[in-house]
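Hi there,

Here is the structure I promised to pass on to you. Have a look at it first, and then read on for what turned up in it.

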Amino acid sequence: MYIPTIGLEIHMIVKTKTKMFCSCPNSFEDGNPNINVCPVCLAHPGTIPVANEEAIRAVVRLGLALNGAIATTSHFDRKSYFYPDLPKGYQISQYDEPFVSHGMLHGIRITRVHLEEDAGRLLHDIAGKKADATYVDYNRAGSPLMELVTEPDIKNADEAVAFAKELQRIVRYLGISDADMEKGQMRVEANISISKKSGELGTKVEVKNINSFRAVHDAILFELQRQEEVLESGGTIHQETRGWNDVKRITESQRSKESAHDYRYFPEPDLAPIDLSSWDIEGMKRGLPELPEAKRDRLVVQYGLSKDLVELLIDQPEWANYFENAVSELRTEEKDPNIVLLANYLTSDLKGLMNVKNVGFDQLKITPENFADLVRLVDDGKLSSRLAKDILVKMFETGEDPEVIMREGGIRVIGGEEELMPVIEEILSKNPKAIEDFKKGKMNSIQFLVGQGMARTKGQASPDILKVLFEKKLSE
Ligand code: ZN
Ligand code: MN
């Protein structure tokens with residue numbers, strides 16, 4: 001048996017208006033290549049970088065959210081390496097004085113969070129086709145990038161995924177990064193080793209090029225398995241960088257790992273050290289929004305929801321906000337069963353519609369008030385759950401009040417015994433076989449009859465009431 005040791009290095013692009021060291025727009029996903037560039041981010045001789053305070057504030061806020069220590073003084077360093085999409089031939093990063101150190105998340109120690117600049121992008125394909133040459137787009141060169149490094153406290157692939165997902169939620173709650181892995185706004189690297197004895201570390205392999213949560217999971221599993229097979233067959237693990245091949249689902253050797261001295265770090269001479277001692281760090285801490293962990297605990301206690309339901313609600317801050325706005329419209333007591341009904345409609349039906357139609361909260365036409373009204377109509381028995389689904393679709397399209405949709409569509413629930421009994425009697429007279437089956441104790445015969453009743457009333461009756469009435473009539 002081998003004991004795995006895993007640490008993560010996670011880069012996330014900071015959502016700022018401008019780039020890290022110049023005033024170019026921090027935008028690289030839409031439009032043409034090489035439009036958001038200037039002499040500073042293209043590294044023309046004689047240009048001088050100016051640090052973006054908005055990006056520094058973002059990293060400090062992340063540090064506070066992770067219960068880290070915020071540096072009182074900090075500075076940037078040059079990290080030398082050659083890459084065609086890195087025009088300077090070095091990256092401005094941080095070495096010995098990161099803005100944040102000693103944080104904690106999910107019981108995993110965070111070594112540091114520092115700030116640096118991103119590189120541009122090499123394009124090997126144009127419009128989905130392999131190009132005749134490699135092109136370079138510098139729109140992303142100089143975008144602010146946060147790098148978070150953990151201690152090797154992670155024990156398995158699931159823990160690594162849970163950590164990365166929670167970090168993504170936190171930066172989204174803070175509004176400092178969209179952290180979309182598919183768009184390259186969040187990039188995960190894993191340092192992986194295995195050993196026979198606990199406390200003893202094996203040779204570390206760094207896995208790069210991980211572009212989804214699924215890849216985080218599968219790359220770690222693959223690499224643990226590969227290292228075990230190498231050791232079991234008498235081989236040795238080499239310290240190296242491997243890349244995750246998302247098509248072949250394997251890690252492949254890229255190069256032997258550099259050590260820190262290869263980068264020849266030295267303090268960036270064009271930027272003054274940064275003095276944070278005058279910043280109101282306590283005030284920034286008080287100004288943090290409610291974070292996922294606190295929201296999770298509060299929603300379970302305050303509304304009596306299950307942990308699974310709460311997990312769906314807190315995944316994006318917009319879901320939890322919408323939920324709580326709708327709950328306040330219910331004007332009900334806390335822990336009311338209506339709240340569970342509302343949470344279920346929200347996380348299954350509405351979420352489903354929004355996913356299928358690719359509609360975000362900024363385009364959603366249903367107000368929390370109208371959503372709460374729909375739930376109330378179901379609870380009052382004025383709307384069957386089947387009709388509620390149809391009404392919800394109309395509300396989604398038009399944003400109209402559910403009662404208006406019902407009135408205009410002539411939709412109502414047929415619930416009274418005097419109204420339903422003739423329907424019941426008619427169905428029974430046409431289905432003697434079902435009556436016979438019922439008398440023999442075949443319970444699915446009642447389901448069949450209820451189905452006939454729903455069809456006959458065009459879904460305007462409640463299946464529960466139909467069932468009661470059929471049973472009543474049949475046992476007469
Ligand atoms: Zn620029
Ligand atoms: Mn980095």
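The protein is divided into domain 1 (3–285), domain 2 (290–409) and domain 3 (417–474), with bounds that come from an automatic or database domain assignment. The C-alpha centres of domain 1 and domain 3 lie 64 Å apart.

Before the details: this is a predicted model, in which local features need pLDDT of at least 70 and side-chain atom pairs count only at pLDDT 80 or more, while totals for chains, interfaces and linings use all residues. Residues are numbered from 1 along each chain as its sequence is written, chains are lettered from A and ligands numbered from 1 in the order in which they are written, and side-chain values use heavy atoms, with hydrogens and water left out.

Now for the metals. The zinc ion (ligand 1) is held by the SG atoms of Cys22, Cys24, Cys38 and Cys41, at 2.3 to 2.4 Å. (Donors are N, O and S atoms within 2.8 Å of the metal, or 3.2 Å for Na, K and Ca; water is not among the atoms, so sites may look incomplete.) The angles between these 4 donor atoms run from 99 to 114 degrees, which makes the arrangement tetrahedral; that word applies to four donors if all angles lie between 85 and 135 degrees.

The manganese ion (ligand 2) has His11 (NE2), Glu116 (OE) and Glu147 (OE) as its protein donors, 2.1 to 2.2 Å away. Because His11 sits in strand E1 and Glu116 in strand E7 (residues 108–117), the pair ties together parts that are 105 residues apart in sequence. (Strands, at least two residues of E, and helices, at least four of H or I, are DSSP runs numbered from the N terminus.) His11 is buried at 11%, and Glu116 is buried too, at 2%.

Where does the second largest pocket lie? Domain 1 and domain 2 both give residues to its lining, so it lies between them. A pocket here is an open set of points on a 1 Å grid over the protein atoms alone where a 1.4 Å probe fits, with protein on both sides within 12 Å along at least five of seven lines; lining residues have an atom within 4 Å of a point. Its lining has 28 residues, and Arg172 is among those nearest the centre. Arg172 belongs to helix H2 (residues 157–174) and is partly exposed, at 30%.

Enjoy exploring!

How values were computed: Tetrahedral: all angles 85-135°; square planar, octahedral: opposite > 155°, others 65-115°. Buried < 20%, exposed > 50% of the residue type's maximum accessible area, 1.4 Å probe, protein only.
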